[in-house]
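Open the model in your viewer and keep the selection tool at hand. We will go stop by stop.

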Amino acid sequence: MTFAECRIVLSFGAFSCLLVLFQLFGFFNFPLLLHSKLGVVIGEYRQSTSIWWILQLCLTVTSGILAKRNYNLLFYGLLLTDAMNNYFKYFIGLMTAFVTLADSWFGAETHHSVWARYRDLATRNGTFLGLVGRDEVARVLLRYVTTFLTIVLVCVMVEYKIYYGVAVGTQWYHFWIHNIYPYTVSHFRHMFHLLHIVLMAANVRELNRQLVRLEEGSCSETTYERIEQCRAIYGELWQMNEGINVLFGFSQALNVASSFAQIAFDLYWLYMMWIIQEANMDVQMFCLLPTPLIFAFLLHAAKTHRQAMETLTGTLLDMSCLQRNSRAMELRRHFLTQLLVHPLRLTARNIFDFDYTLIRKVCWLDNRRR
């Protein structure tokens, strides 16, 4: 087996483990496998696959019950501002977990259709995942697995620092224990969204490559037919992209809001510890690392997705073979109109877009509030 084959097998093996992990978190309730030879293998809904979703629901409810039962351990003795800060920090995280499970359950059919469209596109085009070949999918998955492991490493380092930096039995120790589960669900949901973004961006890039290859060849009747096929493929990609937006709509909207709230609360405690010259200030600084890091990867992937869409539009505008006769001009106009009316956007139920403007919008809303 060559090095390239080993890399492909390892990429798909590691990704299969991540899919199992996402299923354990209840993010989908149907059999799903990305086989290194067969491509996407999707099963129908089975009751046994919903066990993990039910388990996560039980864990979320249990987390809320324990927080209520241990209310005094978490909040007693704090000033009102400090207590409300911690209370909202935990409550928003817990609500995010509930909404994530709700989106996963009610969006199961939409989620299944996204992967089914990837499979059907691959079957029709003789590719591996959508429009993308096996080697390119392996490269995308390898980068994704590397990103995932980087984030896990940072999170483990932070949890290790907290474990040895906070005294056992103290109020902060109990608060940390109760927040581990909501934090973990939030971070994994971000990573699951990141997976769908990078796969969609890879398919848009491949569609652009197909248009470039058509431009490099001779203009003929076959070329125009192939461009019509590309236009139909874009329509399918748009439907899949909208399915992703629906699947991650409310949960990611709340998850993003929760993440920004977590950062704000951590900054508040960092400021308060600096005021009173707290000895464990470095522990609080470590708490700030995971969420901004995840946001950086997520927004970078969203930027790549947007750039792929812009490149596709630019390629279509520059195609000289679509400017030679009236039929070509009409085809070009229809395709450009489709791109304009139905652009590939990453949104949370149209509440906001997933790109770098998200940070500016949050800052703008904060300034308006002030």
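Is Arg124 buried or exposed? Select Arg124 and show the surface. Arg124 counts as exposed because its relative accessibility is 52%, and the cut-off for exposed is over 50%. Keep in mind that this is a predicted model.

**Stop 1: a bridge across the chain**

Glu236 sits in helix α8 (residues 221–247), and Arg124 sits in helix α5 (residues 108–125). The partners are 112 residues apart, so this pair links distant parts of the chain. Glu236 counts as buried, because its relative accessibility is 19% and buried means under 20%. Why can such pairs form? Side chains of opposite charge can pair when their charged atoms come close.

**Stop 2: bridges within a helix**

The structure holds 8 salt bridges. Select Arg209 and Glu206 for another one, where the closest N and O atoms are 2.9 Å apart. Both residues are in helix α7, and because they are 3 residues apart, about one helical turn separates them. Arg209 is partly exposed, at 31% relative accessible area. Glu206 is buried, at 12%.

Now move to helix α8 and select Arg231 and Glu228. Their salt bridge has its closest N and O atoms 3.5 Å apart. These two are also 3 residues apart, about one turn of the helix. Arg231 counts as partly exposed at 24% relative accessibility, and Glu228 counts as partly exposed at 34%. Elsewhere, salt bridges with shared partners join Glu206, Arg209 and Arg213 into one network.

**Stop 3: the nonpolar core**

Which residues have the most contacts inside the largest nonpolar core? Select Phe22, Leu34, Trp115, Leu129 and Tyr144. The core has 80 residues. Helix α7 (residues 171–216) gives the most to this core, with 15 residues. Another core, of 7 residues, lies apart from it; Val158, Ile162, Val166 and Val283 are among them.

Go back to Leu34 and show what touches it. Leaving out residues up to four places away in sequence, the contacts include Phe12, Phe15, Leu19, Val40, Phe128 and Leu141. Gly39 and Ser16 are also among them.

**Stop 4: a patch on the surface**

Select Tyr71, Met84, Tyr87, Phe88, Phe91 and Met95. They form a nonpolar patch on the surface, with about 520 Å² of accessible area together. Helix α4 (residues 80–106) supplies the largest share, 5 residues. Zoom in on Phe91, which is in helix α4. Phe91 counts as partly exposed, with 38% relative accessibility.

**Stop 5: recorded spans**

UniProt, in an unreviewed entry, places "transmembrane region" features at several spans, including residues 12–30 and 87–108. Select residues 12–30. This span is 68% helix and 0% strand, with its end C-alpha atoms 19 Å apart. Then select residues 87–108. Here the chain is 95% helix and 0% strand, and the end C-alpha atoms lie 32 Å apart.

**Last stop: the whole chain**

Zoom out. The protein chain has 13 helices and 2 strands. Its C-alpha trace spans about 80 × 50 × 40 Å along its principal axes. Of its 370 residues, 48% are buried. The chain exposes about 18500 Å², and carbon and sulfur atoms supply 64% of that area.

Note on methods
Residues are numbered from 1 along each chain as its sequence is written. This is a predicted model: local features need pLDDT of at least 70, side-chain atom pairs count only at pLDDT 80 or more; totals for chains, interfaces and linings use all residues. Side-chain values use heavy atoms; hydrogens and water are left out. UniProt positions are given in the numbering used here, feature names are shortened, and annotations may be inferred rather than shown by experiment. Helices (H or I, at least four residues) and strands (E, at least two) are DSSP runs, numbered from the N terminus. Patches are made of residues with over 30% relative accessible area and no salt bridge: like charges are joined within 9 Å, nonpolar side chains (Val, Leu, Ile, Met, Phe, Trp, Tyr) within 5 Å. Accessible areas come from the Shrake-Rupley method with a 1.4 Å probe; for residues, only the protein chains shown count as cover. A salt bridge is a side-chain nitrogen of Lys or Arg within 4 Å of a carboxyl oxygen of Asp or Glu. Buried means under 20% relative accessible area, exposed over 50%, partly exposed in between (1.4 Å probe, protein chains only). A nonpolar core is a set of buried Ala, Val, Leu, Ile, Met, Phe, Trp, Tyr and Cys residues joined through side-chain atoms within 4.5 Å. Contact means heavy atoms within 4.5 Å.
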